[in-house]
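User: Please take me through this model by setting each value against the rule behind its label.

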Amino acid sequence: MEFQRDDVEERLRVHHTKSRYVIDVREAVMERIAALPAKKRKPSLYRRPLVMAASLLLVTSLSVTVYAAAELVQIRSKEGKVVLETKPEAEDFKELQAKQDRLYSLDTASRSSAFRSALPGQAIAYYIHNQEINELKREIHGKETLLEFHAGSLHLGDLGVFREEAKKRGMPDIHIPSRILNEYSFHEGTLSFTPDLSDLFQGGEPTKAYYDIQNELIRKAEASTGSKSVFVKEIKPPSAGSISLSYVKGSDMETSISVIATKRSAMNSKQEIHYTDKDHVEKVLAGGHEMIYVQYADAYFNQGLAWVDEAQDLYYHIALNSKAKLTKENMIEIAERFIN
């Protein structure tokens, strides 16, 4: 169900007049959490396709059997189907990553402009009228797919209000009890929506409806006489796809813990966790669930934990930011909070 910005703000004013809150639209939950120096390389599993519907990829942490980073680690469903696995970076990864980084730096302002046009619970397709950006997209995707998609997210700084909003939309309650976090306190909750692209893609390929929207926006861009470079069209209403919470030690955003739960219906059936030969990877067990733990040698998130909850059809992810110092045992305890 779509809701309006003013409705949420009014409820906050009435019920939580002294609380800090923020409602806005931003590209991704993890980019909000990780306001870190540009020198460090962000784990590749957080990079999402620019054209296809985004799926939140996750990492993990716990301990049981230690694997060499070069060894494949898989988690299978009860039916024996692989639902989560590690994957070495491809040889051409660095070249592709460089192009994606270049694209990201070029279209930052345009994306921000597009995101501001989408209210929480509203989905849009948008086209950026910029030759260099579109040439990079052609190189990266190997096809003439220039559209990008976004659904407005809801960001709240009051845990009680956020849990209520998430529950109304059928999302799980993923708050972490304060006794586990000690010096960390709740910072912000984000409810993200997944655009409905069922009529725009079939079998992973763009449909006529996709190109109709793309051609419409290109025509508008070419006919424009002003300085406008971003052209937007509202598409089908999105559905709630993921929920995330961030916890911070003091006011240092580099010392944060994030927890994400994503509906698997909003993702690919199999998720991949990319790593390098310098990273440490383990398969671990917590509360009867197999999980994958990764400790990154040089990354925005120094370690993480991911698993699939088949009963609830959810994909979970816990990540520690660069300065967070929780132990593996602490992360196991947090994970068990969501399993039991």
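User: What makes helix H3 a helix that lies across S4, S5 and S10, and at what angle does it run to S4?

Analyst: Helix H3 covers residues 93-116 and lies across S4, S5 and S10, running at about 145° to S4. Contact here means heavy atoms within 4.5 Å, while axes are lines fitted to C-alpha atoms, for helices over the stretch in contact, with angles from 0 to 180 degrees between N-to-C directions. Helices (H or I, at least four residues) and strands (E, at least two) are DSSP runs, numbered from the N terminus. This is a predicted model, in which local features need pLDDT of at least 70 and side-chain atom pairs count only at pLDDT 80 or more, whereas totals for chains, interfaces and linings use all residues. Residues are numbered from 1 along each chain as its sequence is written, and side-chain values use heavy atoms, with hydrogens and water left out.

User: Why are strands S5 and S10 said to stand at the edges?

Analyst: The open sheet has the order S5-S4-S10 with antiparallel pairing. S5 (148-151) and S10 (230-234) each have a single partner strand, so one side of each is left without a neighbour in the sheet. Two strands pair if DSSP finds at least two bridges between them; five bridges join S4 (residues 123-128) to S10, and Ala125 has Lys233 as its bridge partner in S10.

User: Why is Ala114 called buried?

Analyst: Buried means under 20% relative accessible area, exposed over 50%, and partly exposed in between (1.4 Å probe, protein chains only). Ala114 has a relative accessible area of 0% and is therefore buried. Ala114 is placed in helix H3 and, leaving aside neighbours within four places in sequence, is in contact with Ile124, Tyr126 and Val230.

User: How do you know that Arg111 and Asp107 form a salt bridge?

Analyst: A salt bridge is a side-chain nitrogen of Lys or Arg within 4 Å of a carboxyl oxygen of Asp or Glu. For Arg111 and Asp107 the N to O distance is 2.6 Å, which meets that rule. Because they are four residues apart in helix H3, about one helical turn separates Arg111 and Asp107, and both are buried.

User: How far can residues 1-70 be trusted, given their pLDDT?

Analyst: pLDDT is the predictor's confidence in each residue, from 0 to 100. Over residues 1-70 it stays under 50, whereas the protein averages 76. Where pLDDT is low, the predicted coordinates should not be read in detail.
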